Amino acid sequence: MKALVTYCSQTGNTEKLARAIFEGIEQAEKDILPVKDAGDIKGYDVILCGFPVQAHSVPEEMASFIKNIPEGKKVAIFATHGSLRGGELAITAFYDALRLTPKGAVLGTFGCRGQVKSGIIEALMNKPEHKGWALEAQGAIGHPHEADLEGAKEWAKAMVSKARAQ
Ligand SMILES: Cc1cc2nc3c(=O)[nH]c(=O)nc-3n(C[C@H](O)[C@H](O)[C@H](O)COP(=O)(O)O)c2cc1C
């Protein structure tokens with residue numbers, strides 16, 4: 001079993017989560033790569049793809065990577081977002097990511113909040129398309145924190161076990 005953790009990250013939150021996920025993976029050979037360097041994925045059985053939610057969806061770079069994952073791979077999706085965990089504003093981005101995956105490939109998802117710089121929140125708050133999540137993002141200070149990273153590690157273990165069992 002060989003696992004790839006791949007991610008994109010503008011300000012480091014998703015990268016932090018990706019590193020915890022990588023650490024959490026046991027019982028598999030593993031690599032971690034930014035999505036821009038992921039290249040040939042033929043050799044991997046499980047691919048864990050992570051991104052920051054941007055404009056309610058998946059950044060284009062990650063969307064086009066997920067879209068090109070061939071059938072037969074197992075896929076797990078993780079993301080950080082400023083909006084509330086489990087809230088509709090974050091979940092729409094997971095729907096978008098899941099729609100791009102090959103049929104029957106998905107093992108599971110993990111999401112947690114990621115801090116947004118206060119200057120950015122203030123700037124985006126004035127734009128109607130961003131106001132909803134920007135308001136919620138005021139409460140994301142300090143995330144991803146230690147408990148988020150621990151949760152992500154456990155999730156990664158569960159994803160690889162699930163892939164093995166299938
Ligand atoms: C331009 C921009 C757009 C964003 N759009 C959303 C959004 O639609 N919903 C949301 O919950 N968070 C949004 N965020 C917050 C990021 O998803 C969050 O801060 C994330 O943890 C950033 O991850 P990164 O450090 O890996 O780039 C946005 C942030 C930026 C800078």
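In which loop does P144 lie? P144 is found in the loop between helix 5 (128-137) and helix 6 (146-165), where helices are DSSP runs of H or I with at least four residues and strands are runs of E with at least two, numbered from the N terminus. The peptide bond that leads from H143 to P144 is cis, with omega near -5 degrees.

The model is predicted, so that local features need pLDDT of at least 70 and side-chain atom pairs count only at pLDDT 80 or more, while totals for chains, interfaces and linings use all residues. Residues are numbered from 1 along each chain as its sequence is written, and side-chain values use heavy atoms, with hydrogens and water left out.

Most residues other than glycine have a negative phi, and most peptide bonds are trans.

The ligand has 19 residues around it, of which S9, T11, T14, V53 and S83 come nearest, a residue being counted as near if one of its heavy atoms lies within 4 Å. The shell divides into 5 nonpolar, 14 polar and no charged residues, and helix 1 (13-24) and strand 4 (74-81) each supply at least two residues of this shell. An N or O atom in the side chain of S9 is 2.6 Å from an oxygen atom of the ligand, and a polar side-chain atom of T14 likewise lies 2.6 Å from a ligand oxygen atom. For the side chain of S83, the distance from an N or O atom to an oxygen atom of the ligand is 2.6 Å.

Elsewhere, the count comes to 3 aromatic pairs, for which the ring centres of Phe, Tyr or Trp (its six-membered ring) must lie within 6.5 Å, with planes under 30 degrees apart called stacked, over 60 edge-to-face and the rest tilted. F51 and F94 form a tilted pair, 6.5 Å centre to centre with 50 degrees between the planes. This pair links distant parts of the chain, with F51 in strand 3 (residues 46-52) and F94 in helix 3 (residues 88-100), 43 residues apart.

Notes:
Polar contact = N/O pair within 3.5 Å; in protein donor to acceptor, adjacent residues only side chain to side chain. Nonpolar A, V, L, I, M, F, W, Y, C, P; charged D, E, K, R; others polar.
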